[in-house]
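Here are some exercises to work through with the model open beside you. Try each task on your own, then follow the solution step by step.

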Amino acid sequence: MAETKVAFVGAGYMAEEHMRAFAGLPGVAIAGIFSRTRARAEKLAATHNTKVFDSVAELYQTTQADLVVVTVVELSMAEVAGACFAHPWTVLLEKPAGYDLADATRIRDAARRASRRVFVALNRRAYSSTRQAVELLAKDSSPRFIKVIDQQDQRAAIEVNKQPELVARNFMFANSIHLIDYFRVLGRGEIAGVEPVAPWNPETPGLVLAKVNFTSGDIGLYEGIWNGPGPWIVSVNTPAQRVEMRPLEQVSVQLRGTRAVTQLEIDPDDKTFKPGLRYQAAQALAATRGERADLATLDDSWHSMKLVADIFGLA
């Protein structure tokens with residue numbers, strides 16, 4: 001197998017987790033890293049025996065990397081992604097690919113102008129729980145009711161997680177995307193429309209309810225609890241079964257006619273690495289090598305961002 005060189009832009013927590021997920025996969029070489037925070041980059045480089053570079057351009061020109069993983073913060077993503085699109089490597093952007101829909105559109109359009117192959121690390125899609133849920137439902141052709149329960153806390157985002165106010169104000173794009181993307185993973189057909197039930201009010205964020213209609217006849221319901229406690233849950237009901245992810249890293253199934261709930265086994269990689277990242281790294285390598293890959297494209301991500309905007313009345 002030819003060696004695939006993987007470079008990294010950004011040196012924060014997610015860069016560390018992605019690098020750990022890629023390291024050790026067959027045929028992978030960690031080619032180098034660039035970060036504006038050089039001290040962090042040097043620490044990561046030392047761990048993985050690689051080099052630190054002074055710019056995106058130098059990182060590409062020196063390493064000729066095949067794949068670059070971009071893990072910069074939300075407000076820097078458009079600028080850094082644009083710099084990466086100047087070079088002919090495959091690009092994997094950490095989510096969200098844009099801090100709001102307009103920013104996501106700028107990133108998508110820049111990639112199109114440069115004719116780059118760009119993917120987005122929507123790692124909930126790569127959880128073994130999600131993949132098993134998709135597999136269970138693939139055998140069931142009956143109508144689906146998909147319920148997504150979300151919870152967000154803007155104050156905690158600012159005070160605890162140190163998010164900029166602009167990101168916290170748009171936290172439905174930065175964080176609810178993890179939940180809302182499930183509608184597009186589990187629903188069939190195109191999204192025919194979104195009906196607000198309890199609309200988003202940015203002045204007094206609280207309960208948000210919206211019905212999502214699919215051309216297949218599947219129905220989705222989004223329930224968002226803002227600035228209050230609550231779990232993240234995704235469930236799909238059909239006449240034959242109920243598939244539930246609670247928490248999202250776990251999956252269970254209950255069949256019609258029984259009260260028994262069966263918990264399914266989770267891939268050990270989702271316990272050894274940050275859930276989803278090892279599988280996602282393998283898929284990113286496959287995409288880079290021109291093989292079939294189970295990975296969200298930038299267009300996929302944009303459509304999920306658009307659904308976020310539709311649910312919150314921000315389109």
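**Exercise 1. Find what joins Glu-244 and Arg-242, and judge how exposed Arg-242 is.**

Step 1. Look at the two side chains: Glu-244 and Arg-242 meet in a salt bridge, with 2.5 Å from N to O. A salt bridge here is a side-chain nitrogen of Lys or Arg within 4 Å of a carboxyl oxygen of Asp or Glu.

Step 2. Now check the accessibility: Arg-242 has 28% relative accessibility and counts as partly exposed. The scale calls a residue buried under 20% relative accessible area, exposed over 50%, and partly exposed in between (1.4 Å probe, protein chains only).

Before going on, a word on the ground rules. This is a predicted model, in which local features need pLDDT of at least 70 and side-chain atom pairs count only at pLDDT 80 or more, while totals for chains, interfaces and linings use all residues. Residues are numbered from 1 along each chain as its sequence is written, and side-chain values use heavy atoms, with hydrogens and water left out.

**Exercise 2. Describe the salt bridge of Glu-42 and the network around it.**

Step 1. The partner of Glu-42 is Arg-38, and their closest N and O atoms are 3.0 Å apart.

Step 2. Both residues belong to helix α2 (residues 38-47), where they are four residues apart, about one turn of the helix. Helices (H or I, at least four residues) and strands (E, at least two) are DSSP runs, numbered from the N terminus.

Step 3. Glu-42 is partly exposed at 42% relative accessible area, and Arg-38 is partly exposed too, at 35%.

Step 4. Through shared partners, salt bridges join Arg-38, Glu-42 and Asp-54 into one network. The structure as a whole holds 14 salt bridges.

**Exercise 3. Which parts of the chain does the salt bridge between Arg-125 and Asp-181 tie together?**

Step 1. Start with the contact itself: the side chains of Arg-125 and Asp-181 meet at 2.7 Å, N to O.

Step 2. Arg-125 lies in the loop between β6 (118-121) and α6 (128-138), and Asp-181 in helix α10 (residues 177-186), so the pair ties together parts that are 56 residues apart in sequence.

Step 3. Compare the two ends: Arg-125 is partly exposed at 22%, whereas Asp-181 is buried at 3%.

**Exercise 4. Classify the aromatic pair of Phe-8 and Phe-22.**

Step 1. Recall the rule: rings of Phe, Tyr and Trp (its six-membered ring) pair if their centres lie within 6.5 Å; planes under 30 degrees apart count as stacked, over 60 as edge-to-face and the rest as tilted. The rule gives six aromatic pairs.

Step 2. Phe-8 and Phe-22 are 6.0 Å apart, centre to centre, with 75° between the planes, which is edge-to-face.

Step 3. Phe-8 is in strand β1 (residues 4-9) and Phe-22 in helix α1 (residues 13-22), 14 residues apart. Both are buried.

Step 4. For a further example, look at the cluster in which ring pairs link Trp-200, Tyr-222, Trp-226 and Phe-312.

**Exercise 5. Work out how α1 and α12 are oriented to each other.**

Step 1. The axes of α1 and helix α12 (residues 277-288) come within 8 Å and cross at roughly 70°. Axes are lines fitted to C-alpha atoms, for helices over the stretch in contact, with angles from 0 to 180 degrees between N-to-C directions.

Step 2. The two helices are therefore roughly perpendicular, a label for angles of 65 to 115 degrees.

Technical notes:
Parallel < 35°, antiparallel > 145°, perpendicular 65-115°, else oblique.
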